Structures are given as C-alpha cells and as structure tokens.
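Subject: Structure for your review

Dear colleague,

Please find the structure below, handed over for your own reading. My notes come after it.

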Amino acid sequence: MADDHLTYEDSGVDYDRIDPLKVLAQRAARATGVHLERDGAREVAASRGESAYVVDIGDAYLASITECLGTKALVADAMREASGRTWYDHIAQDTIATAVNDLVTVGARPLSIHAYWAAGSSDWFDDVERMNDLVDGWKAACDVLGVAWGGGETPCLTGVVEERAIDLAASCVGIIRPKSRLTLGEDLAAGDAIVLLESSGIHANGLTLARKLSERLPEGYATVMPGGRTYGEALLDPTVLYPPVTEAAFEAGIGLRYIANITGHGWRKIMRHPGLFTYRISEVPPVPEVLKFMMDETRQTAEEAYGSLNMGAGFALFVRPEDGDAAVACAESMGVRAWVAGVVEDGPRQVVIEPLDVTLAEESLALRD
C-alpha cells in the first residue's frame, strides 16, 4: 500500500479500542433495569445493544437516546472565513439527526429533543451570528420532525473543551404507540429484503478522518473536487433526517422487520442484528462525490471505506420480501432515494457486498455483550 494510505485508525479513531467500553457499560447497566419496577414500568431487555433504549410503561413504550455530533463543528469553524457563513444551521440538523435517526430504529416516533452545547470558553457566545444560526437551525429541524424542543444545557467547560470549540449533543425521547410498532428484529427472517436509503454525504461520522485528510490536501478544505465543489463545503452537507420515512412506512403498513442507522462502523452496521444472518448486497447505491474523493485520496480499499463510512447509504430498512418496492416508493415520496439492494439469508453473520467483492465479517462489529 502506498505511503499516503490513511485509515480511520491513523486519524485517531480505533473502534477496536472504543467498543469494549460499550460492552462493559451494557453489562453494568443491565442490572439497573429492576429499578423501573417501583414505578410500574419495565425495560425491554431486547433493546439493550440496539440504537435506542426501550421501556414498557403499560399502554405504550418509551424510547430514549443520547448522541454526540463529534468533530463536524470543527470543519464548520474552519470554513467560516473562506465561505463567509457559519454553517451552524447545518450543524444543528446534523446534531439532531444523530439522535432521532437512532431513535426511530426501534419503531419510535420522536416526541422531544434536548440540547447539550458545551463551549470551551465564554468567548464562544460572543459570536451572535453563529449562535443565531445554531438556534434557528435547531428549531427548523424540530419543526421538520414535528417534535418539541424541551430545553437543554449550555455549560462552559474551560480546560475540558478546546477554547474556541463547542461540543454539541442531543438527547431524544420517543413513543411507540401502538405497541405493535416496536421493531427489534424478532421477526427478521431469511428472504427479507434490504432497502438502503441514500445519504447526503459524510453525515456526522468519519469527520476525524476527513479533517486529517484536509491536512494533506494542497488547499485544505478549499481544495476543489472534480465536480467543482470544495471539499469543505461538501463535508458540511447536513445529515438526512430519516424519521419522516419511517413514519410514512408505518402508516403505509409496510412490514418493517428491523431498522439500522448506518453511522460509525459504516456498512458493518447492516449486521447490527444479533442473529445469525448473512446480508447479501447485490446493488450498491451511488457514492457521494465527497466520499469517493476521500476514498481515493486516502488510498483506502473498498473494504476499509465501506467498513467505516456510509458510502452513500445512510439508513437500512429490512422488510418483508413483498414490501421491498413499496418501501422504496415510500422513501421516495418523502424525498429520499432508496434501493432494494439485497436480501437476508441464513448463514454466518456477515455483510457480503457482491459488486465490490467485499465481505465484512462478524468479528469486525462488537457492539453487544
């Protein structure tokens, strides 16, 4: 491999070292579920290890999630001077998307969102334009989703967060009513169709790699890609909000067997379900230019790129065989392109991407106890 080969691990993110903490936390957290019983509630044990935690409250389920944006705000800050805009309206949608796109994978409808905006210095709050864009973008995303912005926290964490930076996160609570909407993969079976939904670009995962690459490019974020856009501008395309698609699918009566948000770990997230299934992909959606540019410039193999980035597919619906085309039509009615891209098979737990001759093995995704 060429000397300029750059992997996600080279940029400082190594899931093999990060994921064991998630498993350790799950083991400890599992024992706390009994505390719900004093209020007449109980946890849905099968939701442990999924993208959202589910609690049975009697006539409905409640789901909850907390997610962090990551380092995408640093790209927006770097692009401020060159572009003349803050990009924080986009960044706000990205942050909300990290939470709501996880929440709806269990069949929930988002109810409320809370903000966590931790700045490294009080100076951050002196930039009125940036603050307004963050607030306006946050509210706009809430309005698109039809959810309440419940409040939040804005600490100043001098010495913890870099002086000129801000750490953005969101928590979300959702409801699953009727309870039959609960989607944890219990009915997933061989023969089910895999429907992939388009991404708008990098979304909010892989930005550490993207930032590292910018240091190697001749003009940094201002480097013009073959299609004419700058690298930095393309990185800041906001994440797709997928809840309108899942809502439309439930309303249409589409048989949703399982749902996966394709974020960190890339297409390995397609095999998030704990069962022994092979996910055979026969059609690969188009790769957004910014992700193809990153793959080419980092000299990554297809296995590396698809194992870390969304590569054009930001969300996956697993549906009854007869519902594949209907799921595609449902997504496209919400303005999101989709493809019946593959099928679930009995077999070893792996993702087989046939057009690329790539297999992502079970041992590369260790998110569960």
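The notes below cover the open sheet, the helices and one further strand pair.

Please keep in mind that this is a predicted model.

Sheet. An open sheet is built from six strands in the order β1-β2-β3-β6-β4-β5, with mixed pairing. The edges are taken by β1 (42-43) and β5 (148-153); each has a single partner strand, so one side of each has no neighbour in the sheet. Within the sheet, β3 (residues 61-68) pairs with β6 (residues 166-176) in the antiparallel sense, over eight bridges.

Helices. Helix α3 (residues 88-103) lies across β3, β4 (109-119) and β6, and runs at about 40° to β6. Its axis and that of helix α4 (residues 128-145) come within 7 Å and cross at roughly 45°. An angle between 35 and 65 degrees counts as oblique, and α3 and α4 are therefore oblique to each other. Their crossing is right-handed. On the α3 side the contact involves Y88, D89, A92, Q93, T95, I96 and V100; on the α4 side it involves R130, D133, L134, G137, W138, A141, C142 and L145. By class, the contact of α3 with α4 comprises nine nonpolar, three polar and three charged residues.

Strand β8. Five of the six residues of β8 (residues 256-261) are buried, so the strand is largely enclosed by the rest of the structure. β8 pairs with β10 (residues 313-319) over five bridges, in the antiparallel sense. The bridge partner of L256 in β10 is V319.

Regards

Note on methods
Residues are numbered from 1 along each chain as its sequence is written. This is a predicted model: local features need pLDDT of at least 70, side-chain atom pairs count only at pLDDT 80 or more; totals for chains, interfaces and linings use all residues. Side-chain values use heavy atoms; hydrogens and water are left out. Buried means under 20% relative accessible area, exposed over 50%, partly exposed in between (1.4 Å probe, protein chains only). Helices (H or I, at least four residues) and strands (E, at least two) are DSSP runs, numbered from the N terminus. Two strands pair if DSSP finds at least two bridges between them. Contact means heavy atoms within 4.5 Å. Axes are lines fitted to C-alpha atoms, for helices over the stretch in contact, and angles run from 0 to 180 degrees between N-to-C directions. Angles under 35 degrees count as roughly parallel, over 145 as roughly antiparallel, 65 to 115 as roughly perpendicular and the rest as oblique. A crossing is left-handed if the near helix is turned anticlockwise from the far one by less than a right angle, and right-handed if clockwise. Ala, Val, Leu, Ile, Met, Phe, Trp, Tyr, Cys and Pro count as nonpolar, Asp, Glu, Lys and Arg as charged, and the others, Gly among them, as polar.
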